[in-house]
Structure formats: C-alpha cells, structure tokens
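Visitor: I would like a close look at one part of this protein. Please keep the answer connected and take me through it step by step.

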Amino acid sequence: MKLSDHVKRVFILGMDGAGNFVQQADTPYLDAWLKRGAYTYNAQAEMPTISAECWGSVLHGVTPDKHGLDNDKAASEAYSIQSPYPSLFRLAREQLPDAKLAAFSAWAPINSGIIEDNIGVHKFSLSDERLTEELLAYIGVNPDVRLLFLQLDEPDGAGHCYGYGPDSPDYLAAIKGSDERIGRVLERLEALDLVADSLIVLLTDHGGGGENKHGHGSPHPMDRNVFWGCIGPGIRQGVLPGRVSITDTAAIAALALGLETPGWDARLPEGLLDEDAEADGGKAETDNG
Ligand SMILES: [Zn+2]
C-alpha cells in the first residue's frame, strides 16, 4: 500500500519539555494511545535540547545547525522566511495548494518564527486550556484539515519553575494535565471517526533536569531522551527497535501527506511501517484484481 493513499490528514500533537517522564507521571491517555501504534521512550531530542532548536527540527526536518533557529530567532518573525529549509507546512502549502493547514502553539514563537507566515496556515497561540478548546472547535468544523500541529507548554513551564524530573510533583502534575488535554483531542478525533484514516504523531521536544534541575539544553539523558509515538494506517504496533530522532517526525508526516521532500536529515524510523506499507509507493498494490 502507498501510505498517502490511506492517510487523509496528519496530526502532530506535542507537549513541551516532558522528556520521557511521561513514564513516571500519571498519563493514562498517552499510555493507551502509544500502544495503538509504534513508539519508544528512548527517542532523541536534538542538540542543544532547547525549544526552538528542537521544534525547529520537528517542523523543518533538519538538525539545528542547518535550520539555524534558536529562541531569539524564533521570536523574530523575519527569520523563517530566510531559512534555507522550508517547514513541513511550507512544503505542504507548495504541493497541496488548497489544503487546510493549522498550527496551535501555546509557545507563540513557533507560530511567529518557526512556521512561515503568509502561507495560509490557521495559527492560534493561546494558553494550553484555551488552545485545546480552540482546537476542538476547529476540528469539529474542519475535519478535512490535512496537517494540524499542537504544542502544549505547561510541562516545560512547570519544569522551569519547580524543577524537572520524577521527584518533582508539580512537574509531573503538569504532564498529567497535558495528557488529559491531548486525550480530549484524541477522544474527539475518535468520536468524529477521524482516527482510522489519520496519521497521529505524539511527542515532546526535550526533557530537562539533566545538568540543571530547573533547565535543559544539555546532552544529559534527562534532557535528551524523549517519548515519541506514531499511530495510523500502515504503522506497526509495538516498540520501535532502532534510533528515533524527533526530527524524523517530518519524514513520516511528509510521506503520509505524499509530499516530495528536500534533502532532509529526517528518516523513517526502522520498523515504523507495516511490511506491506511502502515508503515510496514503488511496490504498488495490485489494484486491478
Ligand atoms: Zn521546549
């Protein structure tokens, strides 16, 4: 099968700064939904393990040294236009001119500086709860959206404030809160019958508490190890055996949308696709019976 023939829309649903502490936090929705697809608790954030660098890689498909984004540049609306690597959103706009595209980012620089302006992306930047409500309202009237991104920010805010890690109750509570919001989104998708023909990526951009209890940015495993999962038609169920980078999100999203990609660092994780799902459609199904 050709993956893009079976995927009508792609959802990239993320929370900021949760690392793989979702294993210690109470996250019933993630626990259940990750098992419906391919997942790992040992995916790797990019270096440095900072939001703009990492979300930049998720959305631009290349490592931070190539996309060049940092928190200051992301906050400057001019930068994304100069970037030599287009975002996944820009690729989608160029190759799917009429597609509905939407980005719900609690951390505003994602919308202002990481995803290009003036390419017809429906952008919302609000606090986590209001953002979730906006997304639920949006999907109800736009079930034909092709690419939708969500970034919730409270785990990272709680980590900076109270400290990251399994011994920080307020941090774990913020992860639980994000799990509930993403869970509401997933349950709405299910209620609208949008799960079977969607590709859903669940992820975080980095962890924290490695070299600095109240920060992140280092290569320490607490900063760098993250959960990552993908659910959809043609996606295997079970733990991914090999290395996964958050950057690989761009590759699977592009494949699912049928987009031609530039020279990206993003790769399809080993073992992600069912054996009958073809990465390039080259081994086409016999379609004439
Ligand atoms: Zn972050």
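Visitor: Which residues in helix 9 meet which residues in helix 11?

Guide: A word on the model before the contact: it is predicted. Its mean pLDDT is 93, and 94% of the residues reach 70 or more.

Now the contact. From helix 9 come Asp128, Glu129, Thr132, Glu133, Leu135, Leu136 and Ile139. From helix 11 come Ser178, Arg181, Arg184, Val185, Arg188 and Leu189. By class, the residues of this contact are five nonpolar, two polar and six charged.

Next, the geometry. Helix 9 covers residues 128-141, and helix 11 covers residues 169-191. Their axes come within 10 Å and cross at roughly 5°. Angles under 35 degrees count as roughly parallel, so helix 9 is roughly parallel to helix 11.

Helix 11 has another partner to look at. Helix 10, residues 154-162, has an axis that comes within 8 Å of the axis of helix 11. Here the crossing angle is roughly 175°. Angles over 145 count as roughly antiparallel, so helix 10 is roughly antiparallel to helix 11. On the helix 10 side, the contact has Glu154, Pro155, Ala158, Gly159 and Tyr162. They meet Asp170, Tyr171, Ala174, Ile175, Ser178 and Arg181 in helix 11. This contact divides into six nonpolar, two polar and three charged residues.

Asp16 and His206 are 190 residues apart and link distant parts of the chain. Asp16 sits in the loop between strand 1 (9-15) and helix 2 (28-34). His206 sits in the loop between strand 6 (198-204) and helix 12 (221-224).

Two backbone details are worth checking on screen. Met47 and Pro48 are joined by a cis peptide bond, with omega about -10°. Pro48 is in the loop between strand 2 (38-44) and helix 3 (51-60). Asn118, a residue other than glycine, has a positive phi near 60°. Its place is the loop between helix 8 (108-114) and strand 4 (121-124).

One caution remains. Over residues 281-289, pLDDT stays under 50. The model has five contacts beyond four places in sequence for that stretch. Where pLDDT is low, predicted coordinates should not be read in detail.

How values were computed: Residues are numbered from 1 along each chain as its sequence is written. This is a predicted model: local features need pLDDT of at least 70, side-chain atom pairs count only at pLDDT 80 or more; totals for chains, interfaces and linings use all residues. Side-chain values use heavy atoms; hydrogens and water are left out. Axes are lines fitted to C-alpha atoms, for helices over the stretch in contact, and angles run from 0 to 180 degrees between N-to-C directions. Helices (H or I, at least four residues) and strands (E, at least two) are DSSP runs, numbered from the N terminus. Angles under 35 degrees count as roughly parallel, over 145 as roughly antiparallel, 65 to 115 as roughly perpendicular and the rest as oblique. Contact means heavy atoms within 4.5 Å. Ala, Val, Leu, Ile, Met, Phe, Trp, Tyr, Cys and Pro count as nonpolar, Asp, Glu, Lys and Arg as charged, and the others, Gly among them, as polar. pLDDT is the predictor's confidence in each residue, from 0 to 100.
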